[in-house]
Amino acid sequence: MFIIVGLGNPTNEYAGTRHNVGFDVIDQIADKYNISVTERKHRAFCGKGIIGGQKVILVKPQTYMNLSGKAVRYWMNELKIQPENLLVISDDLNIPFGTLRLRKNGSAGGHNGLTNINELIGTQEYARIRVGIGNEFGRGQQVGYVLGEFNEDERKEIPDICKRVIDGVKAWATVGADRAMNAVNTKPKPKETEAEK
């Protein structure tokens with residue numbers, strides 16, 4: 001079995017914000033593969049299903065971002081899952097909006113959710129897909145930017161971004177991280193302008 005975790009903050013207050021893109025992706029995965037992520041158990045909403053013939057559990061921690069590791073550790077222990085079968089989806093300020101990065105392991109890169117996961121499961125040897133949200137904010141405005149909603153143009157791109165992440169998740173679960181990285185780690189294609197159409 002594989003654990004796929006999307007990071008975000010609970011409550012409607014944070015719905016649609018940049019920091020919650022991990023939750024958005026989990027919701028889209030659930031829709032595509034008809035998985036109900038409604039069971040609330042041990043600080044998370046979760047649901048079991050099948051992706052590409054592989055058994056998975058989708059997890060949305062409900063502890064707020066900086067305590068995400070509590071739910072991850074619980075489910076890894078409960079299901080006896082090894083780190084190589086864990087995939088975490090998170091936002092990332094350090095890469096351009098819409099760019100995806102799949103890695104087999106690595107540091108938290110300043111992300112509070114990943115930092116807590118690393119600390120509580122005792123390793124950073126697990127896969128993660130980072131979804132670029134850009135860094136178009138002024139000095140001292142990082143928190144407001146991360147916890148702010150996507151602008152109108154960005155919202156139009158979210159369905160395509162989620163689709164590309166979902167393709168990456170399926171590839172990771174079915175053909176492994178190395179081959180999945182070749183598909184995921186590409187820059188989004190530029191949109192055609194009216195003049196180019």
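A: Let's begin with what an element is: helices (H or I, at least four residues) and strands (E, at least two) are DSSP runs, and they are numbered from the N terminus. Keep in mind that this is a predicted model.

Now to the pocket itself. The largest pocket holds about 340 Å³ of space, and 17 residues line it. Lying nearest its centre are His19, Gly110, Asn112, Gln142 and Val146. Two elements, β5 (86-92) and α4 (142-146), each give two or more residues to this lining. The answer to your question is α4, which gives the most, with three residues. By kind, the lining residues of the largest pocket divide into nine polar, six nonpolar and two charged.

While you have the structure open, here are some ring contacts to find too. A pair of aromatic rings is described by the distance of the centres and the angle of the planes. The model has four aromatic pairs. In one of them, the ring centres of Tyr14 and Tyr64 are 6.2 Å apart and the planes meet at 80°, so this pair is edge-to-face. Tyr14 sits in the loop between β1 (2-6) and α1 (21-32), while Tyr64 sits in the loop between β4 (54-61) and α2 (69-79), so the pair links parts of the chain 50 residues apart. Tyr14 counts as buried, at 16% relative accessibility, whereas Tyr64 is partly exposed, at 35%.

Charges can sit over rings as well: the charged end of Arg18 lies over the ring of Tyr145, 4.0 Å from its centre. Likewise, the charged end of Arg128 sits over the ring of Tyr126, 4.2 Å from its centre.

Key. Residues are numbered from 1 along each chain as its sequence is written. This is a predicted model: local features need pLDDT of at least 70, side-chain atom pairs count only at pLDDT 80 or more; totals for chains, interfaces and linings use all residues. Side-chain values use heavy atoms; hydrogens and water are left out. Rings of Phe, Tyr and Trp (its six-membered ring) pair if their centres lie within 6.5 Å; planes under 30 degrees apart count as stacked, over 60 as edge-to-face and the rest as tilted. Buried means under 20% relative accessible area, exposed over 50%, partly exposed in between (1.4 Å probe, protein chains only). A charge sits over a ring if NZ of Lys or CZ of Arg is within 6 Å of the ring centre and within 35 degrees of the ring normal. On a 1 Å grid over the protein atoms alone, a cavity is a set of points where a 1.4 Å probe fits but cannot get out, and a pocket is an open set with protein on both sides within 12 Å along at least five of seven lines; lining residues have an atom within 4 Å of a point. Grid points are joined across faces, edges and corners, and a volume is the space filled by probe spheres set on the points. Ala, Val, Leu, Ile, Met, Phe, Trp, Tyr, Cys and Pro count as nonpolar, Asp, Glu, Lys and Arg as charged, and the others, Gly among them, as polar.
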